[in-house]
Amino acid sequence: MQPARGNGAGTVLICGAGIAGTVVAYRLARAGLRPTVVERSADLRQAGNAVDLRGPALQVMADMGVLAELETRATQLSEFFRIDSSGKRVFTMAPHVIGGEIELLRTELNAVLFNAAQKIGRAHV
């Protein structure tokens, strides 16, 4: 991918500093463009469910140089169980049945990706 030439050429505006926005900013900056990410919120989201990473997502994280950090921030799920209204376990599942190769909180994933996009230099987040 080659940046276009001319006034403002090579600049890209990305709306949203979530997972997708920060990864796109990182990848575009590595390709020589100058992405700017804008976010409606003053801060990154501080809530959300866990995210499972597996397959191609792991390769993307490795290519970004953040896989080792994500592994250190991973949840340490030992088992998953459902309880009924009386508090009795109805069933139990092993983590490998429901999770990915790496499971971490969405906020942790987004923070790591956000930092990676900022560090690349050409990305303005």
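Predicted model: local features only at pLDDT ≥ 70, side-chain atom pairs only at ≥ 80, totals over all residues.
Which elements cover the buried residues of α1? Residues are numbered from 1 along each chain as its sequence is written, and side-chain values use heavy atoms, with hydrogens and water left out.

**Figure 1. Overview of the chain.** The chain has 5 helices and 6 strands; helices (H or I, at least four residues) and strands (E, at least two) are DSSP runs, numbered from the N terminus. Their order along the sequence is β-α-β-β-α-α-β-β-α-β-α. Of the 125 residues, 28% are buried, where buried means under 20% relative accessible area, exposed over 50%, and partly exposed in between (1.4 Å probe, protein chains only). Among contacts (heavy atoms within 4.5 Å) with a separation of 6 or more, 65% join residues 24 or more positions apart.

**Figure 2. Helix α1 and its surroundings.** The cover over the buried residues of α1 includes β1 (11-15), β2 (34-38), α2 and α5. Those buried residues are Gly21, Thr22, Val23, Ala25, Tyr26, Leu28 and Ala29. With 12 residues, α1 reaches 17 Å from its first C-alpha to its last, close to the 16 Å expected at 1.5 Å a residue; the expected span is 1.5 Å times one less than the number of residues.

**Figure 3. The largest nonpolar core.** This core has 24 residues, and Leu53, Met61, Met64, Val66, Leu70, Leu109 and Leu113 have the most contacts inside it. A nonpolar core is a set of buried Ala, Val, Leu, Ile, Met, Phe, Trp, Tyr and Cys residues joined through side-chain atoms within 4.5 Å. At least two residues of the core come from each of α1 (19-30), β3 (50-53), α2 (56-63), β6 (102-105) and α5 (106-119). The most is given by α5, with 6 residues. Leaving aside neighbours within four places in sequence, Met61 is in contact with Leu53, Val66, Leu67, Leu70, Leu109 and Leu113.

**Figure 4. Helix α5 and Leu113.** The 14 residues of α5 should span 20 Å at 1.5 Å a residue, and the end C-alpha atoms are 20 Å apart, which agrees. Leu109, Asn110, Val112, Leu113, Phe114, Ala116 and Ala117 are buried in this helix, under a cover that includes α1, β3, α2, α3 (67-73) and β6. Leu113 has a relative accessible area of 0%. Not counting residues up to four places away in sequence, Leu113 touches Ile19, Thr22, Val23, Met61, Met64 and Val66. The C-alpha atoms of Leu113 and Val23 are separated by 6.5 Å, although these residues are 90 residues apart along the chain.

**Figure 5. Gly55 in the loop between β3 and α2****.** Gly55 is partly exposed, with a relative accessible area of 38%. Between the C-alpha atoms of Gly55 and Glu101, 46 residues apart along the chain, the separation is 8.2 Å.

**Figure 6. Lining of the largest pocket.** Ala17, Gly18, Ile19, Glu39, Ser41, Asp43, Leu44, Arg45, Ala47, Arg106, Thr107 and Asn110 line this pocket. On a 1 Å grid over the protein atoms alone, a pocket is an open set of points where a 1.4 Å probe fits, with protein on both sides within 12 Å along at least five of seven lines; lining residues have an atom within 4 Å of a point. The largest share of the lining, 3 residues, comes from α5.
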